[in-house]
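Trainee: Could you walk me through this one? I'd like to go from a single residue out to a whole chain.

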Amino acid sequence: MTDSEQLIETLDARVRRRDSRRAFFTGALGAAAAAATLSGAAQAQTVTPTPTPTPTFTEVDVLNFALNLEYLEANYYAFAVTGSGLAAADISGAIGTAGAATGGRAVGFKDPIVQQYAQEIYQDELAHVRFLRAQFTTSSLLAQPAIDLGTSATGAFSTAARRAGLVADGVAFDPYASDENFLLGAYLFEDVGVTAYKGAAPALINSKIYLEAAAGILAVEAYHAAIIRSVLYRKGLQTPSLQLIEATTAISRVRDTLDGSPTEDLVRGIGPVDDSGLATGTIVDNGVTLDVSNIAPLNSNGIAFSRTPLQVLNIVYLNQAAVTSGGFFPAGVNGNIKTSAASA
Amino acid sequence: MIKDSVFAALELAEARRAERRRFLKLAGAGTAAAGGLALLSACGSDNNNSTSPSPTPTPTPTPTGGVTSDVAILQLALNLEYLEAQFYSFAAFGRSLPEASLTGTVGERGGVTGGRKVAFSDPIIASYAREIAADELAHVNALRAVITSVSAAQVINQPAINIDGGASGAFTFAAQKAGIIGANDTFDPYLDDKNFLLAAYLFEDVGVTAYKGASPLISSAIYLEAAAGILAAEAYHAGLIRAELYRMGTLVPGASDAITKANAISDYRDSLDGVGTTLLPNLNELDEGITKTVSGAQVANIVPADSNAIAYSRTTFQIHNIAYLTKAAATSGGFFPKGTNNSIDSLRSSGNFA
């Protein structure tokens, strides 16, 4: 079978991820083009891959860092589903400054499927908290730090929403007010979890059991993100007036801005653009314009993005600068990885 | 300080792994026969398969010489990506991948049997098919480029692939065994939205478990991060497919079989890759349907994961049991009529779970 060259329509510049789909339609050039995009990174490696870099974080640092994020996510879903945050037995610890997760409440779910998904994700995140905690003795266990999940106009959700243009200055964003708001709140977290675990993978390379466990949590966070993204996508298409898809584009842009512009590495999944929303892309195939979704935010190699722990802190602290607290963690996270990157 | 008992167990397990990795590298690619890799693979997924071949290695001729285990793992992954990418390419666009993305040096080059464009009725599902098709082609090209960066001579040819929707196709065989069609019926994955999703369902979770199982086997931090990135992509895809089947089965009148059939496929996959033991009844329970029963009610189970909410791992053998649609030790079958291609022979084999 001969493979025909396809014309590529100029893709919506706002949806930069779609450029990767050119590879599909350039026939014989596709492979070369893709190889070309990879070769930039590959050249740096020569034939022998560069030596495994010494991780700058210990395994304990990385696990503790992850536990902070799981505390954040688990409490959000716990509030949304049950009306309360995590139980004392699931958040106590000897390391760091203990704090409460505050400000959440139960969502009055209208869509039973969204409610099912919220319940399932809650159970998973609680299991992640418990798994990570179980790796430590009582005296080495990281306490949950203070977490702001509230609906104040000056709180973390509202700050993030304002930056994304979802609400005006001084107006609060309440993720518990509706199914859609809950989904947007979840959207804020889930892709970040994927990029966080992926970025942490190299630091765990010498500890195969933790590496495999982290890979398994990474996968679950991606399953979650796909659930949230696909539900938002379908609802956004069905009811355009809700502007759900536009909201995801805006939230992604905020995250992308917060975490700076590292040099692109298409093999490792690092780059100045490491986030994308749900706006539909288009391609032209045999002269016909076709829609292409963007449920999986990936680079042109189909590889998910990595964020360093410091970049993740830029996002959860809602601050591009190197700071030790802010946003969802008003007193900062606990553990040795506490300062965000200087990403401004 | 991590719990001493946990740490001790980790140290022991890590020492075992390190030892086996050294064995693989010192013995050379050719002599890393089924025994050694069974242990290595089993180690990688903690499955301790009681049916693993004897650990005494049987020397075999070095196929190409000097193939690192990292490259062999990437080759294994590339076989799976060829399969997925071709399925989605046909389903979404009615054509094969470009020739330039299929040719290599290692292994026999094969063609694709079957495949055609799906006439989607839901435009959203059509857009999903196109997205996934583009992602899987990107994976094919990315893996080829990474292998090329080590040595162009180690890129594998696309092996023979069967994605046929006819009576003698791999999908029909799988569907009959899974009990989602009658013994004399045909399963055509290109017939409609539901069949397309069920066929995609067959692949996607397997890809996740393959990359997860392989993660401890990769020694280069860069390749690890790339593999983790593809793992994440496959999990996004799997989550999407599973959620769509759940939604279809829940909301679309007359389509509740989307759920029952997906669950049957899960049970079928689970039957191919080993069973539990009296002591470890959940051993090799590596698959879950898209619903489960909690307190007598059926609830969503979009994420297949263990009690720690950690995704499952499959060994290189178990991946082949599913790809070859067999419980037996084999080097071909099912979706790969001539087997997968690999510089290391034992990475083409399914395990003996018969």
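Trainee: Is A:G93 buried or exposed?

Mentor: Ground rules before that: this is a predicted model, where local features need pLDDT of at least 70, side-chain atom pairs count only at pLDDT 80 or more, and totals for chains, interfaces and linings use all residues. Residues are numbered from 1 along each chain as its sequence is written, while chains are lettered from A and ligands numbered from 1 in the order in which they are written. A residue is buried if 20 or more other C-beta atoms (placed from the backbone) lie within 10 Å of its own, exposed if 12 or fewer, and partly exposed in between. A:G93 has 20 other C-beta atoms within 10 Å, so it counts as buried.

Trainee: Which residue is 50 residues apart from A:G93 in sequence and 3.8 Å apart in space?

Mentor: Start with the place of A:G93, in the loop between α3 (59–82) and β1 (101–102) of chain A; helices (H or I, at least four residues) and strands (E, at least two) are DSSP runs, numbered from the N terminus. Leaving out residues up to four places away in sequence, A:G93 touches A:A98, A:L141, A:L142 and A:A143, where contact puts C-beta atoms, placed from the backbone, within 7 Å. The 3.8 Å is C-alpha to C-alpha, and the residue is A:A143.

Trainee: How do the axes of α6(A) and α7(A) run relative to each other?

Mentor: Helix α6 (residues 179–200) and helix α7 (residues 208–238) of chain A have axes that come within 8 Å and cross at roughly 150°. Axes are lines fitted to C-alpha atoms, for helices over the stretch in contact, with angles from 0 to 180 degrees between N-to-C directions. Under 35 degrees is roughly parallel, over 145 roughly antiparallel, 65 to 115 roughly perpendicular and the rest oblique. That is why α6(A) and α7(A) come out as roughly antiparallel.

Trainee: Which residue in β4(A) stands opposite A:I283?

Mentor: Strands β3 (residues 281–285) and β4 (residues 288–292) of chain A run antiparallel, joined by five bridges; pairing takes at least two DSSP bridges. They form a hairpin with two residues between them, and A:N286 in the turn has a positive phi of about 55°. Opposite A:I283 stands A:L290.

Trainee: And chain B: what share of its residues is buried?

Mentor: Chain B has nine helices and four strands. Of its contacts with a separation of 6 or more, 70% link residues 24 or more positions apart. Among the 354 residues of chain B, the buried share is 62%.

Note on methods:
Contact = placed C-beta atoms within 7 Å.
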